[in-house]
Number of protein chains: 2
Amino acid sequence: MSKRQLQVGIIQSSMSDSPIDNLDKAIEGINGLAKRGAECIVLPELFLTKYFCQSEDTKFFNLSEEVPGKTTKIFEKIAKDNDISIVLSLFEKVKTGLYFNTVAFISSDGYQGKYRKTHIPDDPNFYEKFYFAPGDLGINCYETKGFNIAPLICWDQWFPEAARIGALKGANILIYPTAIGWHPNEKATHGEKQFLAWQTIQRSHAIANGCYVVVANRVGHENFAGDGIEFWGQSFAVNPYGEIIAKAGPKQDEHLLCEINLDVIEEFRHGWPFFRDRRVDLYSDIAKLHLD
Amino acid sequence: MSKRQLQVGIIQSSMSDSPIDNLDKAIEGINGLAKRGAECIVLPELFLTKYFCQSEDTKFFNLSEEVPGKTTKIFEKIAKDNDISIVLSLFEKVKTGLYFNTVAFISSDGYQGKYRKTHIPDDPNFYEKFYFAPGDLGINCYETKGFNIAPLICWDQWFPEAARIGALKGANILIYPTAIGWHPNEKATHGEKQFLAWQTIQRSHAIANGCYVVVANRVGHENFAGDGIEFWGQSFAVNPYGEIIAKAGPKQDEHLLCEINLDVIEEFRHGWPFFRDRRVDLYSDIAKLHLD
């Protein structure tokens with residue numbers, strides 16, 4: 001009988017100014033989680049650096065690299081040594097003047113392919129549209145140990161369309177490397193409701209699609225401009241019912257383990273067969289920016 | 001300055017075997033809520049009868065009526081007398097052999113149009129595919145006092161696509177007349193998670209679309225077949241952050257009032273401009289049943 005459970009590891013961490021230190025910390029985290037049984041591990045968005053998108057500065061283009069390239073090579077060895085897969089968020093350079101916010105999917109057989117962030121934010125202190133072109137590869141699944149994983153990235157979290165396409169392509173798990181936090185001056189009035197909205201919409205992707213959702217956020221206060229961003233941590237995983245099966249706190253580095261269970265997906269989708277009843281004959285309107 | 005707030009009334013009720021009694025109770029509820037300031041009132045799904053879809057029996061086709069027709073006429077007068085609008089769920093007969101699960105939207109100026117349930121369930125004790133053809137009118141908004149309302153119905157709740165189309169057409173409010181409950185034999189093991197999944201996905205529609213969501217459910221235990229259905233009540237309304245601003249209990253008839261505030265919608269959509277970043281160039285995949 002084929003494997004029905006997969007152990008997924010989530011690394012929540014803060015970042016230092018040193019890419020080497022961040023790399024070492026990520027590797028240490030992965031090796032630790034693999035020893036605890038993790039078979040697929042996700043790192044936060046752009047884990048090699050602080051979140052430089054807080055300002056628009058051309059010097060940060062120098063942080064970019066080719067994908068696949070030097071960093072994927074390092075993690076290919078780690079994936080092979082541990083017999084695991086890794087969801088690896090990188091700042092991808094295609095050529096001077098064209099960059100993407102990219103995830104490389106690496107299995108124990110090596111680099112499998114990449115996903116380029118589809119939805120790009122531009123908000124005070126989150127100036128991603130300056131750095132990244134909108135992803136041009138669509139949304140796809142990667143297979144590991146019989147499980148299908150659709151990597152998505154942060155701002156994609158707010159768009160039910162992205163989750164749906166991942167699920168239609170066969171995802172059992174939607175995985176979101178993330179860098180989200182509070183503007184310190186809004187935290188008192190809006191902090192709790194912003195966090196809950198973020199958690200709620202991702203729980204809903206699990207429900208709408210009868211799949212698991214896994215989120216790895218960064219944590220810590222980073223100051224590039226103004227008051228900076230207080231990354232809110234609270235990485236989590238939910239089952240198809242939207243129930244939280246793992247959750248980190250808001251302040252510290254944490255490594256979580258959670259179990260993906262195909263039997264739970266089957267029970268949910270048999271009980272609530274949403275895929276059967278979608279009215280695809282009426283959905284062409286979705287591909288419009290507005291209809292009013 | 002144009003009106004920025006709208007008071008919405010939600011009627012949660014049980015139904016008896018007598019359509020006349022159910023009609024009288026609905027009218028009484030509407031008049032009471034209008035006196036308390038409600039300007040738009042929603043009744044539960046198919047409020048004129050018990051939830052006959054628990055069994056497949058051709059005799060129930062006799063419960064259907066034309067829309068507009070005798071019942072809309074009654075509520076047109078009530079809407080005019082109270083200067084309110086009403087979201088009215090009816091079993092629509094088009095002709096012998098063709099029926100829809102329909103909402104009539106009635107304002108103080110009379111019948112404005114109808115919505116036919118897009119997504120039709122078929123689950124033990126919810127045999128709606130036997131009675132209703134899938135809606136053929138698409139998803140549309142109706143205007144009342146400067147607010148745009150997209151009526152949707154029950155099972156539509158599980159489909160982010162339906163909510164999105166309503167919002168793209170300009171909805172400030174998505175309103176769902178509903179008849180959802182527990183199979184008594186599942187309640188102990190799955191009752192809480194089913195209710196929370198249902199609430200969560202609707203909260204997420206508010207978040208994804210920066211709008212309000214309003215739900216009117218029926219309540220009470222109805223036995224047409226087997227153990228019947230225990231309708232779980234808990235009608236509610238949420239603001240764009242997905243915060244619950246009104247909620248009924250699980251057991252009793254209740255009439256709720258909630259305030260829709262365009263300033264809250266504006267604050268939310270300015271802070272999180274999701275509509276700006278939708279990748280409509282990539283969404284044609286949504287109009288497929290599967291992609292794997």
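So, B:T118: you'll find it in the loop between β5 (110-116) and α3 (128-131) of chain B. Helices (H or I, at least four residues) and strands (E, at least two) are DSSP runs, numbered from the N terminus. This is a predicted model, where local features need pLDDT of at least 70, side-chain atom pairs count only at pLDDT 80 or more, and totals for chains, interfaces and linings use all residues. Residues are numbered from 1 along each chain as its sequence is written, chains are lettered from A and ligands numbered from 1 in the order in which they are written, and side-chain values use heavy atoms, leaving out hydrogens and water.

Is B:T118 buried or exposed? Buried, with a relative accessible area of 1%; the cut-offs are under 20% for buried, over 50% for exposed, partly exposed in between, with a 1.4 Å probe and protein chains only.

And what does B:T118 touch? Contact means heavy atoms within 4.5 Å. Leaving aside neighbours within four places in sequence, B:T118 is in contact with A:R279 and A:L282 from chain A, plus B:P134, B:G135, B:I139 and B:D156.

Okay, over to chain A. Its secondary structure comes to 7 helices and 15 strands, and the C-alpha atoms fill a box of roughly 55 × 50 × 40 Å along the principal axes. Of the 292 residues of chain A, 62% count as buried. Now the contacts in chain A with a separation of 6 or more: 69% of them are between residues 24 or more positions apart.
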